[in-house]
Amino acid sequence: MSLSLADRDRLDAFWRFCLDNQYFNIGYPESADFDYGYLQRFMQFSINNCGDWGAECNYLLNTFEFEKDVMQYFAGLFHIPFAQSWGYVTGGGTEGNMFACYLARELFPTGTLFYSRDTHYSVAKIVRLLRIKSCVVDALPGGEIDEDDLMRKIAAQQVRHPIVFANIGTTLRGAVDNIASIQQRLALAGISRQDYYLHADAALSGMILPFVERPQPFNFADGIDSIAVSGHKMIGTPHPCGVVLAKREHVERISVDVDYISAPDRTITGSRSGHAPLMLWAALRSRSFAEWQQRTRRCLNMAQYAVDRFREAGINAWRHENSITVVFPSPPPAVWKKHCVATSGNTAHLVATGHHRDSRRIDALIDDVIASAPVSGGSVT
Ligand SMILES: Cc1ncc(COP(=O)(O)O)c(C=O)c1O
């Protein structure tokens, strides 16, 4: 196997481009401060984690033992006894959310899935793919689900089995739906605990909230049935991945034995990456709990620094408690394009992920936003 000179030149050019832009990301929640160099030697192996990591699989080169450790770590982090949980390393947050919606639909085939307007765009695709009856709920200006609207819609549609898709950190505003209050309101409406399903989409914040002093309710002890997290976001990996964790009783319902791999399967895809569990395993083991807390605090401090700088310049920026997502009025296209910043309508955000060790990139963006802001009555808005 060999590449032509022209092809090698092309790859070399792309390599230089990647090197130059390694830490470009300020608008999306991916972290680039990782080093998996010691795992590079495994790139020569075709590792495949098809099926359930708990089973003996006929596919010899797998990383099931590492995947098990990863899931054990997350069971501890999300407050569920490991034996009562089951989950796996996914291709990303979307697959985790899909898995959870699948569990919910199998539990309540005629249930309705409620999700707020601020939910990640992939969830509309998921409900369509799984043909789940669904209902979009209003969001408050801060991005949290409008609980009044949620309860109104559940009552109006006389839904016996609501499936609540809660955001634990929305994509644009980092808002956390209040799952304690949602559960109280469901109880007050006469819907008992066994009659609803509660999923937590914690794509980014699933690796923030466990490490802060006063987390909003988000885990199994707080009442969830399942949780999905992206691996490439707060942890940081060279390719997208994630984890999903659910109550084992829900997962048993979808488990099937597959003779072709001589193992039970409970996952969405057939073949699964064996490299992703290895990376997550290495990432999780390379920092102590205290070090994850420190890194999280550093990101939160950097986010607050950005808010303060914007506000000193009269720009109405803000962030939610425990969020590294800084929301500000959308600058002109020339500015958001230059900095690869994500915008939606009049709103933009920056995300202070782990690789922003100093404020250089954040300052450069803020300087451009300030320079481009309209000046009205002596202050910029
Ligand atoms: C809240 C939320 N949920 C789900 C996703 C999708 O996750 P992934 O890109 O890992 O599939 C994202 C991605 O940004 C997100 O912000």
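I started at Pro162, which counts as buried because its relative accessibility is 0%. The model is predicted, and I kept that in mind throughout. I placed Pro162 in strand β4. I then checked its distance to Arg117, 45 residues away along the chain. The C-alpha atoms of Pro162 and Arg117 are separated by 17 Å.

**Entry: the largest pocket**

I looked up the largest pocket next. Its space comes to about 980 Å³. I listed 28 lining residues, and the closest to the centre are Gln22, Phe34, Thr237, Pro238 and His239.

Which helix gives the largest share of this lining? I found that α1 does, with 4 residues. Helix α1 spans 5-20, and α8 spans 275-285. Each of these two helices supplies at least two lining residues.

I sorted the lining of the largest pocket by class. I got 15 nonpolar, 11 polar and 2 charged residues.

I moved on to the second largest pocket. I noted a volume of about 490 Å³. I found 35 residues in its lining. Nearest the centre are His120, Thr171, Ala203, Ser230 and Lys233.

I checked which elements take part. Helices α3 (93-107) and α4 (122-129) each supply at least two lining residues, and so does strand β12 (347-351).

How does the lining of the second largest pocket divide by class? I recorded 13 nonpolar, 18 polar and 4 charged residues.

Residues of domain 1 (5-30 + 288-380) and of domain 2 (39-285) both line the second largest pocket, so I place it between them.

**Entry: aromatic pairs**

I turned to the rings. The count comes to 15 aromatic pairs. One of them joins Tyr88 and Phe99, and it is edge-to-face. I noted 5.2 Å centre to centre and 85° between the planes. Tyr88 sits in strand β1 (residues 85-90), and Phe99 sits in helix α3. The two are 11 residues apart, and the pair links distant parts of the chain.

Are these two residues buried or exposed? Tyr88 counts as buried because its relative accessibility is 0%. Phe99 has a relative accessible area of 0%, so Phe99 is buried.

I then took the pair of Phe211 and Trp292. The ring centres are 5.9 Å apart and the planes of Phe211 and Trp292 meet at 20°, so this pair is stacked. The cut-off for stacked is under 30 degrees. Phe211 lies in the loop between β5 (197-201) and β6 (226-230). Trp292 belongs to helix α9 (residues 289-312). I count this pair as a link between distant parts of the chain, 81 residues apart. Both Phe211 and Trp292 are buried.

**Entry: charges over rings**

I checked Trp86 again, this time for a charge. The charged end of Arg266 sits over the ring of Trp86, 5.3 Å from its centre. I noted another case at Trp336. Lys337 lies over the face of Trp336, at 5.5 Å from the ring centre.

**Entry: positive phi**

Phi of Arg131 is near 50°. I found Arg131 in the loop between α4 and β3 (133-137). Arg131 is exposed because its relative accessible area is 76%, and the cut-off is over 50%.

Gln158 has a positive phi of about 50°. It is found in the loop between α5 (147-156) and β4 (162-167). At 69% relative accessibility, I count Gln158 as exposed.

Definitions and conventions: Residues are numbered from 1 along each chain as its sequence is written. This is a predicted model: local features need pLDDT of at least 70, side-chain atom pairs count only at pLDDT 80 or more; totals for chains, interfaces and linings use all residues. Side-chain values use heavy atoms; hydrogens and water are left out. On a 1 Å grid over the protein atoms alone, a cavity is a set of points where a 1.4 Å probe fits but cannot get out, and a pocket is an open set with protein on both sides within 12 Å along at least five of seven lines; lining residues have an atom within 4 Å of a point. Grid points are joined across faces, edges and corners, and a volume is the space filled by probe spheres set on the points. Ala, Val, Leu, Ile, Met, Phe, Trp, Tyr, Cys and Pro count as nonpolar, Asp, Glu, Lys and Arg as charged, and the others, Gly among them, as polar. Domain bounds come from an automatic or database domain assignment. Rings of Phe, Tyr and Trp (its six-membered ring) pair if their centres lie within 6.5 Å; planes under 30 degrees apart count as stacked, over 60 as edge-to-face and the rest as tilted. Buried means under 20% relative accessible area, exposed over 50%, partly exposed in between (1.4 Å probe, protein chains only). A charge sits over a ring if NZ of Lys or CZ of Arg is within 6 Å of the ring centre and within 35 degrees of the ring normal.
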